[in-house]
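Please look at the sequence and the three-dimensional structure below, and keep both in view while reading this report.

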Amino acid sequence: MSKQKFKVTYSTLASPDPMLHQLYEEAVVRAKESFGKTYPLFINGEERFGENTFAKHSPVNLDWEMGHFQVGTEQDAKDAVDAAKAAFPGWSGRPWQERVAIMRKAADLISERLFDMAANMSLEIGKNRLEALGDVEETADLIRYNCDAVEKNNNFSFPLLSETEHHHNRSVLKPHGVWAVISPFNFPGALAGGPAGAALIAGNTVVLKPATDTPLTAWFLTECFRDAGVPAGAFNFVTGSGRVVGQAILDHPDIAGVTFTGSYDVGMKIYRDFANSPIPRPVIAEMGGKNPTIISKKADLDKAAMGVMRSAFGLQGQKCSACSRVYVHNDVKDAFMSKLLDLTGKINVGDPTDKNNWMGPVANKGAFQDYQDFVADLRAHGDIVHGGEVLEGNGYYAAPTIVDNLPHDHRLWKVEMFLPIVTVHGFEDLDDAMAKANDTEYGLTAGFFSEDKDEIQWWLDNIQAGVLYVNRQSGATTGAWPGYQSFGGWKGSGTTGKAAGSFHYIQQYMKEQSQTVID
Ligand code: UN1
């Protein structure tokens, strides 16, 4: 582990210091040296090794066996929830200042371990170095953001109006209990550590079940929480199949609430299942997107092409925030397409730990197969103007793919493909583009390119999504950073209408109590 501190921000990622590359490359060597280790569950402060393990292979090179992880059982899930329940009175009963201090320490440990966590994450899920470094540091910053929020608001304890001088009325927020976090593969740091951190800062205890593709990053987070002093039972880590161990966690009657990030279908199933429990329980679900970018004839096309390319193909299109649909004015469509094709043609796809490769492999065999199936459908009904093929290598490599002339009633305008595929449509009239952009169940992020102030205001007033970007070259629809952009979805993209990395987030992990005391 490197002792050197290196603060990742937008500017360091945009023009990285040579030192950043060197530290990352040294960490890649260390990550490869520790391939093949066996990792435990972490329940009630103890490492637990069970009877069965699964091998985690790197999608970068399928011969690389990164580690062996426990196939958690229903009993493990139960034990984790029971441990979290037993730890709840102690953790929630502490002064909030102590929880904040411990969680700040956890954030600092994540930052200290930045390079090792990022190198392992690149190998674990195929994220390029800058995106992996960003994900790790975003995790730490989400935790810090929520520590700040509690501090600034006196842990959300506020006086209310008093009827007389003898009335002492106050509103307080209190934690719910045991919180389940079911995290996805695409942001294995931020979307596991962000919600788990928020739940812990708020005073809940946590059971984390990470995606089967990304147990290693979650294990590193577990170590950070443990080493920061989160007490036994307050944070528990369970790996294994979602259908078995994930379901057993969610079915446990002592789970008070859940944060789920993943597909619409699974998110809605959890939402419906929770509605059937004897008492209501909160479900914070982030369920994907089908994020549109509209390009006006008054757009700067260089900005638009760069923004779309980065958002469509960053992390191989596997972000909920990825740009998957483009509506471009017919007058500028040819010019835009030639710029987009030019930029896309320059992308190198390969081992993402190599500095020259901006795209890595897709996450797993299922995603690789989906890519091929979607491409066959798109080829039959539209024009693939770039990509559309799998690439050589001993991993799941797929070319960035641009599709033109797909009829608007084709199902793939609505299905979240979660792959490096973007479909492009021309329009004559901005209102028509807006209607098409909004014609989806999702509403997570959206982008607009125009140099006209009135058009920009019109777009901001009418687009239906939770995260909006205008003229953003670094990512037409992607790249929210805690404190800079709130991140949460409308419509089928989210259950609460409240976003992460913003003012209203951590309160969702608490319930309000009004206290009237008369002396
Ligand atoms: C996601 O894709 O699920 O805005 C989250 C972004 C990232 C988070 C994306 N900060 O692209």
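Lys 32 is partly exposed, with a relative accessible area of 33%, where buried means under 20% relative accessible area, exposed means over 50%, and partly exposed lies in between, all with a 1.4 Å probe and protein chains only. Lys 32 belongs to helix α2 (residues 18-33); helices (H or I, at least four residues) and strands (E, at least two) are DSSP runs, numbered from the N terminus. Apart from neighbours within four places in sequence, Lys 32 is in contact with Trp 64 and Leu 123, and contact here means heavy atoms within 4.5 Å. Between Lys 32 and Gly 360 there are 328 residues in sequence and 17 Å in space, taken from C-alpha to C-alpha.

The model is predicted, so local features need pLDDT of at least 70 and side-chain atom pairs count only at pLDDT 80 or more, whereas totals for chains, interfaces and linings use all residues. Residues are numbered from 1 along each chain as its sequence is written, and side-chain values use heavy atoms, with hydrogens and water left out.

**Two buried residues in helices**

Asp 76 is placed in helix α3 (residues 74-93), and it counts as buried because its relative accessibility is 8%. Not counting residues up to four places away in sequence, Asp 76 touches Leu 41, Ile 43, Arg 48 and Val 71. Asn 146, which lies in helix α6 (residues 129-152), is buried too, with a relative accessible area of 2%. Leaving aside neighbours within four places in sequence, Asn 146 is in contact with Ala 198, Ile 201, Tyr 505 and Ile 506.

**A helix and its cover**

Helix α14 (residues 430-438) has as its buried residues Leu 430, Ala 433, Met 434, Lys 436, Ala 437 and Asn 438. Among the elements that cover these buried residues are the strands β13 (291-295), β14 (323-329) and β17 (421-427), together with helix α15 (453-462).

**The domains**

The domain assignment gives domain 1 (4-11 + 38-287 + 496-518) and domain 2 (291-481), with bounds that come from an automatic or database domain assignment. The C-alpha centres of domain 1 and domain 2 lie 31 Å apart, and 27 residues of domain 1 are in contact with 30 residues of domain 2.

**The ligand and its surroundings**

Which residues surround the ligand? They are Glu 138, Asn 186, Phe 187, Leu 191, Glu 286, Lys 319, Cys 320, Ser 321, Thr 478, Gly 479, Ala 480 and Phe 487, where a residue is near a molecule if one of its heavy atoms lies within 4 Å of it. The shell around the ligand draws at least three residues from each of domain 1 and domain 2.

| Residue | Protein atom | Distance |
|---|---|---|
| Asn 186 | side-chain N or O atom | 3.4 Å |
| Cys 320 | polar backbone atom | 2.7 Å |
| Gly 479 | backbone N or O atom | 2.9 Å |

The protein covers 97% of the 320 Å² of accessible area that the ligand has on its own, an area that comes from the Shrake-Rupley method with a 1.4 Å probe.

Phe 418, found in the loop between β16 (401-404) and β17, touches Phe 185, Asn 186, Gly 317, Gln 318, Lys 319 and Cys 320, not counting residues up to four places away in sequence. Phe 418 and Lys 319 are 99 residues apart in sequence and 6.8 Å apart in space, C-alpha to C-alpha.

Key:
Polar contact = N/O pair within 3.5 Å; in protein donor to acceptor, adjacent residues only side chain to side chain.
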